[in-house]
Amino acid sequence: MGLTIDRGDYAYFKQGVYELYEKPSQDAPMPTGIWSSLVGWVIQGLAQYYRVSGYEPAKTLAGKLTRYLRYHGGYYDPEDCAFKPNRPGSPSTHLHHHLLPLLGVQEYAMLVGDHELMEWVRRGYEHGKTFGETTVGFFPEHLHIPDYQTSETCEVADMIALGLKLTEAGVGDYLDDVDRWTRNQFVENQLVRADWIEYVAEAGLIDSRARSLVPTIVDESYQTTENVPQRNIGSFAGWPAANDWFVGHGSGIMHCCTGNGARALYYVWENIISYADGRLKVNLLLNRASPWADIDSYIPYEGRVDVKIKQPCELSIRIPEWVKPEETVAKVGDEAHQVGWDGRYAKFGAVKPGDVATLAFPIQERTESIYIEKTRYRIVRKGNDVVYIDPPGRFCPLYQRAHYRENQVRWRKIERFVSDEAIHW
């Protein structure tokens, strides 16, 4: 609390960097514009800390920072949550700096049960959708500027996280958004191979600072040039195009994206299923092991999901957005099974350990034309998964998924870890 400037009903941090042990003057001017957004990074942590500890000052400060962000920072419209420019006189605005603070506000609103505040966040989420391409989940880093914008992973991760948090709170149903974006731009933004990095100069790299991979003399205590591309496997792209992991200018990677991407991965994993009071709901048809059941998704090879039951429960499975209830075929084991419906959820009823509940449905390819950042792309989607894009990228082309079009499921034997403890993040 000693780092804040407290104005009674709201509070903020001074603009700039704090010195060690510094206590800012209570006369420090109030930051506005993009500087005001920085309190959002703190709000979520405070709300989560209160949830696990019950420490009242954390909740109080989260509320004060939230009210500053909404009503005094000048970065959002206080009523409809429209996004304002980074600074007066410039139309440019940074999408991540608008989205991530909303995640903190949503966490606080859920904590205190403020439904009006959650609705304000929902309006911001819907506003954010207008700037992206919602078929694949491409969200640009900067808004309202003429240069080509890349889909920094931070923005994609923010939108996925907000969609899941709003759905959890019952403010809306955004699982279809999450499914599309997770399967496409988000997972394609994760670096899974590094061989192409050796040849970026030959492929037409613009940034001359990165033309050489020759090792240089560095302080070995803090940095290294040894196997740098390989050491970054699993990290997330900072400058991806709609069809390429690297657009060809900029540094290619900045690890704020790795942090935000890793958190979004956990949010998606966490929300594949939900369990409460003996009821298990499969919300996203993605692979996951759990104490209650293991989910094996055949998508997009086939339209099918198997749920292998490990504990007695009442089971429901949510169908994808392209499937109609009357198109589904349900089984438990080898026997046909009659399901009821609750919206998009097929209700299997009571199942027991050893049962395998299967839901099958049609899945087919469709060709679409989409427009992303001043460029027209032709894509082929199978279900929600993009399996082809034209034109292709030149450095590390995305959507190299011809194997999905073979309609033959590929299996891999792995050992799954199931934790006894769930962490609600």
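Biologist: What should the 16 residues of helix H2 span, and how far apart are its end C-alpha atoms?

Modeller: The model is a predicted one. At 1.5 Å a residue, helix H2 (residues 56-71) should span 22 Å, and its end C-alpha atoms are 23 Å apart, which agrees.

Biologist: Which residues of H2 are buried?

Modeller: A general idea comes first. An α-helix has 3.6 residues a turn, so residues three or four places apart point the same way. In this structure, the buried residues of H2 include Ala58, Leu61, Ala62, Leu65 and Leu69. Lys64 and Arg70 also belong to that buried set.

Biologist: Which elements do the buried residues of H2 pack against?

Modeller: Their partners are strand S1 (4-6), strand S2 (11-13), helix H1 (40-53), H3 and helix H4 (115-129).

Biologist: At what angle do helix H3 and helix H8 pack?

Modeller: Helix H3 (residues 95-112) and helix H8 (residues 256-271) pack at an angle of about 45 degrees, and their axes are 14 Å apart. H3 and H8 are therefore oblique to each other. Their crossing is left-handed.

Biologist: Which residues of H3 and H8 meet?

Modeller: On the H3 side, His96, Leu100 and Leu103 take part, and they meet Asn260, Arg263 and Tyr267 in H8. Sorted by class, this contact has 3 nonpolar, 2 polar and 1 charged residues.

Biologist: How many of the residues of helix H5 are buried?

Modeller: Of the 17 residues of H5, 15 are buried, so the helix is largely enclosed by the rest of the structure. At 1.5 Å a residue it should span 24 Å, and its end C-alpha atoms are 24 Å apart, which agrees.

Biologist: What follows H5 in the chain?

Modeller: Glycine 170 follows H5, and its phi is positive, near 80 degrees. Further along, aspartate 173 lies in the loop between H5 and H6.

Biologist: Is aspartate 173 buried or partly exposed?

Modeller: Aspartate 173 counts as partly exposed, at 47% relative accessibility. Leaving aside residues up to four places away in sequence, aspartate 173 touches Thr167 and Arg318.

Biologist: Where does asparagine 227 lie, and what is its phi?

Modeller: The general idea is that most residues other than glycine have a negative phi, and most peptide bonds are trans. Asparagine 227 has a phi near 50 degrees, a positive value in a residue other than glycine. It lies in the loop between helix H6 (175-188) and helix H7 (228-231). With a relative accessible area of 44%, asparagine 227 is partly exposed.

Biologist: Is tyrosine 399 buried or exposed?

Modeller: Tyrosine 399 counts as buried, at 4% relative accessibility. The cut-off for buried is under 20% relative accessible area. Tyrosine 399 too has a positive phi, near 60 degrees, and it lies in the segment after S17.

How values were computed:
Residues are numbered from 1 along each chain as its sequence is written. This is a predicted model: local features need pLDDT of at least 70, side-chain atom pairs count only at pLDDT 80 or more; totals for chains, interfaces and linings use all residues. Side-chain values use heavy atoms; hydrogens and water are left out. Axes are lines fitted to C-alpha atoms, for helices over the stretch in contact, and angles run from 0 to 180 degrees between N-to-C directions. Helices (H or I, at least four residues) and strands (E, at least two) are DSSP runs, numbered from the N terminus. Angles under 35 degrees count as roughly parallel, over 145 as roughly antiparallel, 65 to 115 as roughly perpendicular and the rest as oblique. A crossing is left-handed if the near helix is turned anticlockwise from the far one by less than a right angle, and right-handed if clockwise. Contact means heavy atoms within 4.5 Å. Ala, Val, Leu, Ile, Met, Phe, Trp, Tyr, Cys and Pro count as nonpolar, Asp, Glu, Lys and Arg as charged, and the others, Gly among them, as polar. The expected span of a helix is 1.5 Å times one less than its number of residues. Buried means under 20% relative accessible area, exposed over 50%, partly exposed in between (1.4 Å probe, protein chains only).
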